[in-house]
Protein chains: 2
Amino acid sequence: MSLIVVGSVAYDGVETPHGKVDRMLGGAATYIGLSAAFFTEVKIVAVVGDDFAEEDRGLLASRKIDLTGLERVPGGKTFFWAGKYSPDMNDRETLRTDLNVFADFNPKLPETYRGAPYLFLGNIQPELQRNVRAQMSNVRLTGGDTMNYWINDFRPQLLETLKQWDFLLINDSEARLLSGEYNLLRAAARIMELGPHTLVIKRGEYGAILFRRDGHFMVPGYLLEDVFDPTGAGDSFAGGFIGYLAGRGVSPHDGDIDFAELRRAVIYGSVMGSFCCEKFGVDRFRTLTHAEIEARYQEFKACTAF
Amino acid sequence: MSLIVVGSVAYDGVETPHGKVDRMLGGAATYIGLSAAFFTEVKIVAVVGDDFAEEDRGLLASRKIDLTGLERVPGGKTFFWAGKYSPDMNDRETLRTDLNVFADFNPKLPETYRGAPYLFLGNIQPELQRNVRAQMSNVRLTGGDTMNYWINDFRPQLLETLKQWDFLLINDSEARLLSGEYNLLRAAARIMELGPHTLVIKRGEYGAILFRRDGHFMVPGYLLEDVFDPTGAGDSFAGGFIGYLAGRGVSPHDGDIDFAELRRAVIYGSVMGSFCCEKFGVDRFRTLTHAEIEARYQEFKACTAF
């Protein structure tokens, strides 16, 4: 079923121990959309400048991603970010952030988007996230991402936004910051009091934990021989997670949601995040097949079952 | 079946964010032995001074641990270690190390130990580890632990020792140091070329990975609401791992070993490591029951199955 993805479409400059790319397609909505499109119909809401290349638009369109909501600002430039990873790729330094047209991003949903049942709100200002949801008439499952900046400087707005969310996907340091608790069990319990009944805490190479009020599910990180570029791995995880749920038409009944489907969604998220790291930027998604996705899902099973 | 455990029996002084204990029973062989004794018959080889308390000997004996090989040096003092953990308990600072009688530890197996089929060699000088194995007549499964110091300063001796081992249990930084590879898949492949057909890499709160030449198995770390004291968690893991294998009588056939049993052994290791952290020092093992162990094993299943 249709999934609306709101967030950045950008250009990235990335340096890792495996190489350097000065400018390539990036942005949260790009990764989430490309990843989710393997599982369901995706409609993107984002903004670009008129430097946005036809080739990049073509990649998204080739995945049948609806780009009606991809606003193009004449004379504007697309959001640009550049960063450099540490030798072990567990840390990165931001070298440049040019918000450009993204600075004034105020997402408006095309009429054809408003009846969609699934909504993923990428990491943007929390009030904008709330405004998007308000434009939707028939939403069944809402959730998204946030970051340290909004947690620290826009806390009241973020808390208001979270009240309406079914799920939140953040990393461990964000979970600690949001909850004020170091211990992840306690942090998760606090966060689930803020609104979301489902929380996914991403732990980078160490995998992810899915929390529900009645239990949790843990998946270790997939072991790769070579991590070429971790950029977008978290967003690809998000795309696999929500894409799977949307594709299956999963929805809460009386606030409850099928735990078995959520577990599978976390595995598909992990699968998509792991593929993302295998090449620079979005390159792995250019050739990725459903058969490869299924094979890696089975590999996760083989590596964790006892 | 009988398991020989060689290593330190010590006194520890430990400070964590939850409290401070000036002197309590510790040492690798103590934790390994207490943990393994829940699964199999254990015989300890270690050395203490005549300050070793009757009460502490009594605890080990109450678990039916054979102490024939616990040498007592008249006039000597027991190995003492003191350390302080960081607020998140992921790091610790050593405040004091008094080797005392442990400095001259040269393990000799009592006659009644020599026919035992299982041998776990705790973290001691690699040549001493090799000498122990040479004293055994009927060993079926040999393995153990080592540390940065031996990897750096006794590498030739360690490499000679590893040739005879079926399994090695080390943490991720030790695996990287031993192999010269940062990536854990590559590190594991290198290490398994050194001798052991089975490698367990412990990752602290992030769980553990079992490597075999034909595949691997990953278990995430158990989520605890309170980690009181991580001292001995790695050794308790080792005790659960080898204790389970010895208790089941698992042995290699033509160099091969049942992967399903190894997976279960890693889970029991994780279970025992997690219990260890719940109280200071060995305290959790004073009250731990088989029913609690089984319940936590099932919890691991519930938290990881999909």
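## A first look at this two-chain model

Let's start at one residue: leaving aside residues up to four places away in sequence, A:Ala208 touches A:Val200, A:Ile201, A:Lys202, A:Arg203, A:Val219, A:Val266, A:Gly269 and A:Ser270. Please keep in mind that this is a predicted model.

**Around A:Ala208**
- You will find A:Ala208 in strand β12 of chain A, which covers residues 208-212.
- A:Ala208 counts as buried because it has 26 C-beta neighbours inside 10 Å, and 20 or more are enough for that label.
- A:Phe237 lies 29 residues from A:Ala208 in sequence, while their C-alpha atoms are 9.7 Å apart in space.

**How the two chains are related**
- Chain A is superposed on chain B by a rotation of 180° with 0.0 Å of shift along the axis, giving an RMSD of 0.0 Å. That is the relation of a two-fold axis.
- A:Pro220 is the residue of chain A that comes closest to the rotation axis, with its C-alpha at 2.8 Å.
- The copies meet through the same surface, because 100% of the interface residues of chain A are also interface residues in chain B.

**A helix pair in chain B**
- Helix α6 (residues 172-179) of chain B packs against helix α7 (residues 184-192) of chain B at an angle of about 60°, and their axes are 9 Å apart. That makes α6(B) oblique to α7(B).
- The crossing of these two helices, α6(B) and α7(B), is left-handed.
- On the α6(B) side, the meeting residues include B:Asp172 and B:Leu178, and on the α7(B) side they include B:Leu184 and B:Ile191.
- Sorted by class, this contact of α6(B) with α7(B) has six nonpolar, one polar and three charged residues.

Key
Residues numbered from 1 in each chain as written. Chains lettered and ligands numbered in written order. Predicted model: local features only at pLDDT ≥ 70, side-chain atom pairs only at ≥ 80, totals over all residues. Axes fitted to C-alpha atoms, helices over the stretch in contact; angles between N-to-C directions. Helix = DSSP H or I, 4+ residues; strand = E, 2+ residues; numbered from the N terminus. Parallel < 35°, antiparallel > 145°, perpendicular 65-115°, else oblique. Left-handed = near helix turned anticlockwise from the far one by under 90°. Contact = placed C-beta atoms within 7 Å. Nonpolar A, V, L, I, M, F, W, Y, C, P; charged D, E, K, R; others polar. Least-squares fit on C-alpha atoms with pLDDT ≥ 70 in both. Buried ≥ 20, exposed ≤ 12 C-beta atoms within 10 Å, placed from the backbone.
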